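The following exercises are to be worked through with the sequence and the model at hand. Each task is followed by a solution in steps.

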Amino acid sequence: MLIAAVLLNLLVALGLTALAAKYAFGPVPADYHAAILAKSGEPIGPHQLLVFGAINKVFAGCFLALAIALTMLTVFGVWQEMYWAKIGTAAIAVVAGVPSSFAAYTVEQTSGVRTPWRSGALLSVLVLIAFVLSVA
C-alpha cells in the first residue's frame with residue numbers, strides 16, 4: 001500500500017508541475033479566462049494582459065512549490081513511514097486543492113465557461129487516496 005501511496009503522490013506532483021508549465025508558458029490570458037472576459041464584450045487591453053501575465057506567473061510558482069513540497073514530503077517522509085509527512089500531504093490537498101477547485105467551480109457555474117476545477121479536484125482526491133493508502 002505504501003508504494004501505491006508514494007507513486008500516487010509523485011503522479012500528483014508531476015501533474016502540478018505540468019500545471020505550473022501551463023501557466024508559466026501558456027497563453028495570456030488562459031483560454032478560459034479569455035472566454036470569460038469575452039462575455040463582457042469589451043476588448044482585452046494591454047494593462048489587463050499585464051495583470052493576467054503576472055497572475056499566471058504567480059499560479060505557476062505556487063503550483064511548482066506545491067509539487068516540490070509534495071515530492072519532498074513523499075520521498076523523505078511518507079516513504080520513511082513518518083506520520084507527520086503523511087498528514088502534511090493530506091494538508092496540502094485540503095488547504096490548496098479544495099478552495100482553489102471550489103473557486104474555479106463557482107466561476108464556471110456563474111459564467112457558463114468550463115474552468116479547470118476538475119483537474120484540481122482530481123489531484124486533491126488522488127493525494128487523499130494516497131494518504132489513506134499510506135496509513136492503511
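**Exercise 1.** What covers the buried residues of H3?

*Solution.* The model is a predicted one. Begin with the extent of the helix: H3 runs over residues 46–78 and has 33 residues. From its first C-alpha to its last it reaches 46 Å, close to the 48 Å expected at 1.5 Å a residue. Next, list its buried positions, which are Phe52, Gly53, Asn56, Ala60, Ala67, Leu70, Leu73, Thr74, Gly77 and Val78. Finally, identify the cover: it includes helix H1 (2–25), helix H2 (31–38), H4 and H5.

**Exercise 2.** Determine whether isoleucine 55 is buried, partly exposed or exposed.

*Solution.* Locate the residue first: isoleucine 55 belongs to helix H3. Its relative accessible area is 34%. The partly exposed class lies between the buried limit of under 20% and the exposed limit of over 50%; isoleucine 55 is therefore partly exposed. As a distance check along the chain, valine 75 is 20 residues apart from isoleucine 55, and their C-alpha atoms are separated by 30 Å.

**Exercise 3.** Why does threonine 115 count as buried?

*Solution.* Threonine 115 is in the loop between helix H4 (83–111) and helix H5 (117–135). Buried means under 20% relative accessible area. Threonine 115 counts as buried because its relative accessibility is 4%. Its contacts, leaving aside neighbours within four places in sequence, are Tyr32, Ile36, Ala104, Tyr105, Val107 and Glu108.

**Exercise 4.** Describe the largest nonpolar core and the place of leucine 16 in it.

*Solution.* This core has 14 residues, and those with the most contacts inside it are Leu8, Val12, Leu16, Leu70, Leu123 and Val127. H1, H3 and H5 each supply at least two of its residues, and the largest share, six residues, comes from H1. Not counting residues up to four places away in sequence, leucine 16 touches Phe63, Leu66, Ala67, Leu70 and Leu123. Another core, of six residues, lies apart from the largest one; among its members are Leu2, Val6, Val78 and Ala85.

Technical notes
Residues are numbered from 1 along each chain as its sequence is written. This is a predicted model: local features need pLDDT of at least 70, side-chain atom pairs count only at pLDDT 80 or more; totals for chains, interfaces and linings use all residues. Side-chain values use heavy atoms; hydrogens and water are left out. Helices (H or I, at least four residues) and strands (E, at least two) are DSSP runs, numbered from the N terminus. Buried means under 20% relative accessible area, exposed over 50%, partly exposed in between (1.4 Å probe, protein chains only). Contact means heavy atoms within 4.5 Å. The expected span of a helix is 1.5 Å times one less than its number of residues. A nonpolar core is a set of buried Ala, Val, Leu, Ile, Met, Phe, Trp, Tyr and Cys residues joined through side-chain atoms within 4.5 Å.
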